[in-house]
Amino acid sequence: VDVVLADRMQFAFTIMFHYLFPIGTMGIAPFVAWYNYRAMKTGEQQYAQAARFWTTIFAVNFAVGVVTGIPMEFQFGTNWAAFSAKAGEVIGQPLMIEGVYAFFVESVFLGVLLYGRGRIPAALYLASAVIVWLGSWLSGFLIVATDAWMQHPVGYTIASDSRIELSSLAALLLSPFAFWQFTHVIMGAAAAGGFILAGVGAYYLLARRYIEFGREFVRTGVIVALAASALVIFPTGDKNGDEVTVYQPVKLAAMEGLFKSEHEAPLAIIGMPDVPHRKLIDPIIVPDLLSFLAYGNFRANVDGLTSYPTELWPPVALTYYAYHVMVGLGTIFIAIAFVAGFLLWRRRLFDTPLMLWALLLVMPFPYIASEAGWVVAEVGRQPWVVYGLMKTQAAASPNVGSGETIFTLIGFIGMYFLLGVLFLLLTLRTIAIGPAGQAIAGDAPAAGHAGL
Amino acid sequence: MAGIVAFCVIAAMLTAYTLLDGYDLGVGAISLVLAKTRPERSAMVESIGPFWSGNEVWLVAAGGTLFALFPKVYAVSFSGFYLPFIVVLWLLMFRGIAIELRERLPGDVWLDFWDTAFSVSSLLLILLFGVALGNLVRGLSLDADGYFFGTFSSLLTPYAIAVGALAVVALAQHGLAYLAAHIDGRLGERALRVAGRVWWAVLIVYIAVTAATIVHYRGELPGAPIAFAAGTIALLSLLGMRSRAARERAVLTFRMSQVFLVGLLVAASATMYPYLIRPYPGRAGELTIFNASPPSGALAVSLPIAIVGLIAVLGYSIFVHRQMPAKVAVREEKD
């Protein structure tokens with residue numbers, strides 16, 4: 001097996017599994033802070049229980065996110081040594097800042113959140129919840145900014161020995177590409193968080209258990225899901241697309257399945273890319289729309305794939321399908337959020353079982369859409385690891401063979417399978433137990449501090 | 001100059017990691033041996049529960065800092081130690097999951113499984129970290145372009161094994177002292193008593209490793225004065241643990257164990273200086289702070305940002321440690 005392919009498979013598998021959990025932590029963290037705030041402000045038992053319930057779910061999510069996240073940083077060195085040697089001065093800096101400024105606060109204050117209830121002043125406890133939320137979003141920003149630099153390198157110089165040096169950290173952090181990619185990603189996570197809340201609430205309503213909690217979760221969840229989904233499309237998704245249009249036109253062409261350059265380029269809603277024959281099979285198109293979306297003008301020219309040498313093409317079919325899955329699922333869950341929001345406004349949502357079922361079943365969609373979006377971003381960036389500067393083919397560790405990589409990939413698959421089962425088991429159990437009577441680690445009497 | 005600062009920052013972060021994660025790794029390593037009942041095991045895990053995750057971040061952050069400041073070193077060492085690094089990863093994952101999940105389902109079998117996983121993974125991690133440090137200090141056999149693929153047999157030299165043993169006994173002692181300082185009653189007293197016995201092992205291995213290091217280098221060390229001073233401080237604090245005051249106050253024992261570890265790590269760092277990757281024998285492929293040092297341009301920005309951040313981390317970590325209850329009690333056993 002080609003060693004670079006083995007390295008790519010390992011990275012793809014470990015990062016796609018890992019990313020399931022940041023979606024949850026970045027999406028749920030605001031609700032942990034919100035319910036702790038409500039509990040402190042109103043003094044009502046229900047909010048305190050809700051806070052505790054979501055903290056429990058958040059904690060398992062966070063734990064799996066941490067243990068699957070550490071391999072990501074390691075792999076830059078273990079599997080991608082050539083990339084690290086060439087671009088590490090750039091990539092390492094935001095990652096160092098992420099570790100020092102975000103990962104530390106998240107971990108230290110999550111410890112407070114899990115073990116400090118009733119043992120530290122209430123204001124400090126609430127502050128910890130807010131800090132964990134902000135830490136998780138800051139962490140997300142620095143990771144996305146790192147990726148955005150690989151998508152569209154800025155603020156760098158090439159040294160005499162061909163290493164890439166960062167001449168401006170500010171340029172990397174303030175790059176518009178990074179800003180729009182991050183806002184798109186974080187709104188996707190917030191939408192997922194809203195749908196998780198609404199889905200769990202819908203489950204309680206349908207199961208006729210914890211009706212009060214069910215209503216509260218559905219109400220808050222739908223409002224957040226609606227707002228965040230709208231922001232996923234506009235302006236963040238739209239602006240993200242603009243950045244890709246300008247800086248990565250080949251990726252755009254692959255996403256849209258556009259083989260020939262066209263004025264009045266159509267937007268393909270459905271269709272199968274037939275790469276050998278350079279065409280879409282059975283397409284359903286909207287005429288001229290791609291020209292408008294890309295350039296704000298129905299007659300603008302959009303470069304097709306054939307304008308570029310094939311060795312600069314990303315894997316076309318995968319990029320195309322991932323993009324269409326993202327947009328398709330996104331459209332569905334946004335539509336559901338709008339209908340649910342309307343029913344909520346008309347005060348009919350809680351009595352509409354069909355809609356509650358829809359909210360329950362739509363829960364995986366934001367996850368799949370987020371993962372698919374990352375496939376578009378990363379697979380669509382190929383053949384480059386750093387766009388225009390370094391090919392993926394040249395990035396792998398020269399001294400690690402495919403045998404080692406495949407061996408460790410199999411190890412990761414086994415380990416992550418177990419982790420996934422454990423995560424689901426514990427999360428479903430937490431939901432089954434319900435918000436009343438939640439005990440979290442460190443809480444008396446479950447973990448038994450004497451006298452508390 | 002920037003290279004020296006960068007070297008010191010990474011050494012300081014690894015020292016902080018050893019101090020902090022060191023006690024919870026040490027607690028893990030001795031937990032099965034020391035505890036007589038399940039509630040005692042739970043009390044041990046609970047005593048580190050709020051802190052272990054934050055402590056472990058020091059390792060991740062040190063990794064990120066090494067990546068940013070010495071990318072070539074990051075690339076060479078992580079890919080050179082490919083399989084050992086992946087094993088460390090898996091152990092870290094297993095251990096983290098064990099701590100977080102052990103109490104999330106009721107039942108003794110569940111608890112016993114995760115507690116065993118916690119203890120074994122903690123012990124193996126300490127051993128692997130120690131062996132890795134031993135190899136770094138002793139020097140690695142590299143090929144000319146500095147890449148190397150470590151075979152297990154080339155890494156398991158007597159010196160590296162001795163440093164691994166030192167890591168195990170020193171952190172076991174550290175964990176025991178932590179428990180003695182944070183758990184009242186019989187368990188705390190037992191921890192202090194066992195720490196007193198482990199002390200002899202620490203002393204013997206420490207002297208052996210120090211002697212072997214001196215023989216290995218025969219005075220060819222730029223950092224020798226610092227290494228000797230730090231080694232002496234380590235020895236004094238180790239001897240101080242036998243003092244009457246320390247034997248009566250567990251907190252003092254723990255503090256002295258902290259000083260001992262700082263001394264060890266500073267001595268090891270001074271022995272390494274100015275190497276990041278030291279070849280042995282010969283000099284081909286060496287990476288020092290001079291030839292691996294990154295250009296100062298962005299470091300003038302990122303490194304100060306990181307240092308300010310680390311000071312803040314120290315501040316709020318101490319604050320959080322102070323805010324949380326100092327003592328953990330052993331739960332009554334239910335029938």
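Helices (H or I, at least four residues) are DSSP runs, as are strands (E, at least two), and both are numbered from the N terminus. By that rule, B:Ser42 is found in helix H2 of chain B, residues 38-48. This is a predicted model: local features need pLDDT of at least 70, side-chain atom pairs count only at pLDDT 80 or more, and totals for chains, interfaces and linings use all residues. Residues are numbered from 1 along each chain as its sequence is written, chains are lettered from A and ligands numbered from 1 in the order in which they are written, and side-chain values use heavy atoms, with hydrogens and water left out.

**Contact between chain B and chain A**

- Chain B contributes 68 residues and chain A 73 residues to the contact, where contact means heavy atoms within 4.5 Å.
- The two chains bury about 6200 Å² between them, 76% of it on carbon and sulfur atoms; buried area is the accessible area (1.4 Å probe) that two parts lose on being put together, summed over both.
- On the chain B side, B:Tyr82, B:Trp90 and B:Arg104 lose the most area to chain A, together 12% of what that side buries.
- There are 0 salt bridges between chain B and chain A, a salt bridge being a side-chain nitrogen of Lys or Arg within 4 Å of a carboxyl oxygen of Asp or Glu.
- Helices H3 (52-69), H4 (71-80), H5 (82-101), H6 (108-138) and H13 (296-323) of chain B each supply at least two residues of the side that touches chain A.
- H13(B) gives the largest share of that side, 15 residues.

**Surroundings of B:Ser42**

- B:Ser42 counts as buried because its relative accessibility is 5%; buried means under 20% relative accessible area, exposed over 50%, and partly exposed in between (1.4 Å probe, protein chains only).
- Leaving out residues up to four places away in sequence, B:Ser42 touches B:Arg102, B:Glu103, B:Leu111 and B:Arg331.

- H5(B) has 20 residues and reaches 28 Å from its first C-alpha to its last, close to the 28 Å expected at 1.5 Å a residue; the expected span is 1.5 Å times one less than the number of residues.
- Of the 20 residues of H5(B), 18 are buried, so this helix is largely enclosed by the rest of the structure.
- The 31 residues of H6(B) should span 45 Å at 1.5 Å a residue, which agrees with the 45 Å between its end C-alpha atoms.
- B:Gly139, with a positive phi near 115°, follows H6(B).

**A residue of chain A**

- A:Ala12 lies in helix H1 of chain A, residues 3-42.
- The relative accessible area of A:Ala12 is 33%, which makes A:Ala12 partly exposed.
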